[in-house]
Amino acid sequence: MRWIILLIFLSSYAARAAADEAVAPAAPGGPHLSLDDAIRLALDRNKSIKVDAFFRTIARANLLEARGRFDPALTFRRSYDENRSPVSSGPLVLQETRTDDYNLALEGLMPWGLSYSLGGSARNQRGSFNGFNDSFDTFGGIVVTQPLLRGFGLGANLVNVRIAKADRAMADWAFRQSAIATVTRVIVAYSDLVFAKENLLIARRARVLVDSLVVSNERRFNAGTMSQSDVLQARAQAAQRGEAILFAERAVRDSDNALRHVIGEETFSLNGPILAVEAPALPAGTPVNPAEDLKTAYELRPDYQGVRLGLGKRRATDAVARNQLLPTVDVVGSYGYSGLDHDFSSSRRMVADQDHRSYSAGVVVSVPLTFAEGRGRARAARLELRQGEADLERLSQDIALSVMNAAGQIETTRQRVASTQRAFELANEALAGELKRLQAGTTTTFVVLNLQTNLTQIESNRSRALADQRRAYANYEREIGVTLERHAIQLTNQ
């Protein structure tokens with residue numbers, strides 16, 4: 001009988017495969033899901049990332065709108081005016097005037113501020129002064145207005161386009177941030193399910209050990225070589241292990257549902273099959289180098305790039321605000337040909353034949369008395385620019401700290417894995433030795449149970465350290481912004 005008992009206890013940890021065969025899976029029949037498949041499903045079906053994708057298309061639509069400001073427009077205007085005004089008070093004499101205006105022109109705005117109108121106009125003004133006979137005054141040519149101070153230059157006129165471009169780039173970076181966050185959540189949820197399953201196996205193996213000890217103690221009690229207290233202690237520990245299994249099974253179910261939620265599933269089962277997952281491999285190759293990786297973080301982290309682009313928007317706004325402090329000095333002019341006749345066709349023919357050249361030139365000057373509005377706007381824009389610069393410095397410092405802390409977590413978890421592995425080996429040896437002493441009658445069941453509990457806890461700690469190590473690598477990749485590159489993910493342009 002002694003060799004049977006020793007075989008049960010020692011094979012449980014020295015040969016883990018034999019113990020695992022005695023443990024049924026939590027819910028057989030679950031589909032196998034690799035980490036890469038989980039990431040792909042999450043990027044395809046996760047609801048949050050689908051919502052965030054709309055910001056990219058919205059930003060592109062806003063850029064199209066901003067550029068459309070400079071698109072020429074074909075404009076037609078038609079108006080009629082009738083006016084009666086006194087020309088004499090004694091006796092009262094009224095003069096009636098009727099005016100028809102027609103205008104057809106190609107109008108637009110240039111990026112440096114020039115506004116133009118290329119086309120023709122016709123006015124038919126008649127009244128009591130000419131016996132209500134038609135009199136068509138026509139013009140064909142171009143009319144321009146060019147600001148020289150306020151409103152002049154690319155900076156003043158392209159500000160909305162530059163802001164829209166920055167918003168488009170920020171939307172792309174924000175979508176990248178959403179993708180990185182989604183992939184990181186998948187890795188964490190996947191690793192949590194792996195850990196939960198491993199913890200369930202540990203709990204069941206611990207129950208196998210206690211059950212074996214109960215059987216051994218009962219046989220020895222029946223043989224009169226062990227007290228009933230030893231049997232009761234073993235049975236109490238077996239009941240406690242049963243509770244631990246229930247908690248572990250619940251953790252597996254919760255972790256499974258969490259992973260299903262991240263990958264975009266919409267239905268969750270209370271007793272359905274559990275996803276079959278495997279411990280993902282840790283990144284191999286170049287060791288962690290936070291000093292060098294910090295440069296990568298500044299290049300690839302979406303939050304840093306977003307703040308940098310926001311700073312560009314504030315610079316554009318500041319330039320416009322400073323431009324608006326200038327007085328208005330606009331050069332206006334026109335050049336073309338005119339015609340005048342009681343017949344519209346004849347008047348229009350004069351324009352077409354370029355019979356009468358017509359041009360004009362002038363200057364419009366407007367100087368605000370206080371510049372209060374412009375000064376307030378410029379001051380606010382300047383302060384917002386300084387705020388953006390300070391925010392970029394603050395974020396740079398935060399990133400440097402987070403990268404260093406993430407690197408430290410990788411080193412700490414690596415040491416934890418090595419430490420718990422060594423502790424597990426020693427605890428396994430200690431339990432095996434104590435079992436031999438129990439068979440020799442030189443120790444007690446209480447001591448063996450404590451060593452079993454200690455071994456189970458150490459094994460759970462080792463599994464937790466491995467899970468934390470996987471999480472630490474995922475967090476480090478997120479902190480330096482290379483999550484997508486490490487998993488060979490390319491985001492499509494929209």
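Predicted model: local features only at pLDDT ≥ 70, side-chain atom pairs only at ≥ 80, totals over all residues.

Trainee: Which residues of α6 meet residues of α11?

Mentor: From α6, L209, L213, S216 and R220 take part, and they meet L431, L438 and Q439 of α11. By type, the residues of this contact divide into four nonpolar, two polar and one charged.

Trainee: And at what angle do α6 and α11 pack?

Mentor: The angle is about 10°, and the two axes are 13 Å apart. Angles under 35 degrees count as roughly parallel, and α6 and α11 are therefore roughly parallel to each other.

Trainee: Let us step back. How many helices and strands does the protein chain have?

Mentor: The protein chain has 13 helices and six strands.

Trainee: What radius of gyration does the chain have, and what would a compact globule have?

Mentor: The protein chain has a radius of gyration of 41 Å, whereas a compact globule of 494 residues would have one near 23 Å. Along the principal axes, the C-alpha atoms fill a box of roughly 145 × 45 × 45 Å.

Trainee: New topic: pockets. What volume does the largest pocket have?

Mentor: Its volume is about 350 Å³. The lining of this pocket consists of 17 residues, and L35, P280, A281, P283 and H487 lie nearest the centre.

Trainee: Which elements give two or more residues to that lining?

Mentor: They are α3 (35-45), α6 (159-222) and α12 (445-480). The most comes from α12, which gives four residues.

Trainee: How many of the lining residues are nonpolar, polar and charged?

Mentor: The lining of the largest pocket has 10 nonpolar, two polar and five charged residues.

Trainee: Now V307, please. Where is it placed, and what does it touch?

Mentor: V307 is in helix α9, which covers residues 302-323. Apart from neighbours within four places in sequence, V307 is in contact with G388, D391, L392 and L395. As for R67, it is 240 residues from V307 along the chain, and their C-alpha atoms are separated by 24 Å.

Trainee: Lastly, which residues have a positive phi although they are not glycine?

Mentor: F371 is one of them, with a phi of about 60°. F371 is placed in the loop between β6 (356-366) and α11. A488 also has a positive phi, of about 55°, and A488 is found in the segment after α13 (483-486).

Definitions and conventions. Residues numbered from 1 in each chain as written. Heavy atoms only, no water. 1 Å grid on protein atoms, 1.4 Å probe; cavity = no way out; pocket = protein on both sides within 12 Å on 5 of 7 lines; lining within 4 Å. Points joined across faces, edges and corners; volume = space filled by probe spheres on them. Nonpolar A, V, L, I, M, F, W, Y, C, P; charged D, E, K, R; others polar. Axes fitted to C-alpha atoms, helices over the stretch in contact; angles between N-to-C directions. Parallel < 35°, antiparallel > 145°, perpendicular 65-115°, else oblique. Contact = heavy atoms within 4.5 Å. Rg over C-alpha atoms; globule rule 2.2 N^0.38 Å.
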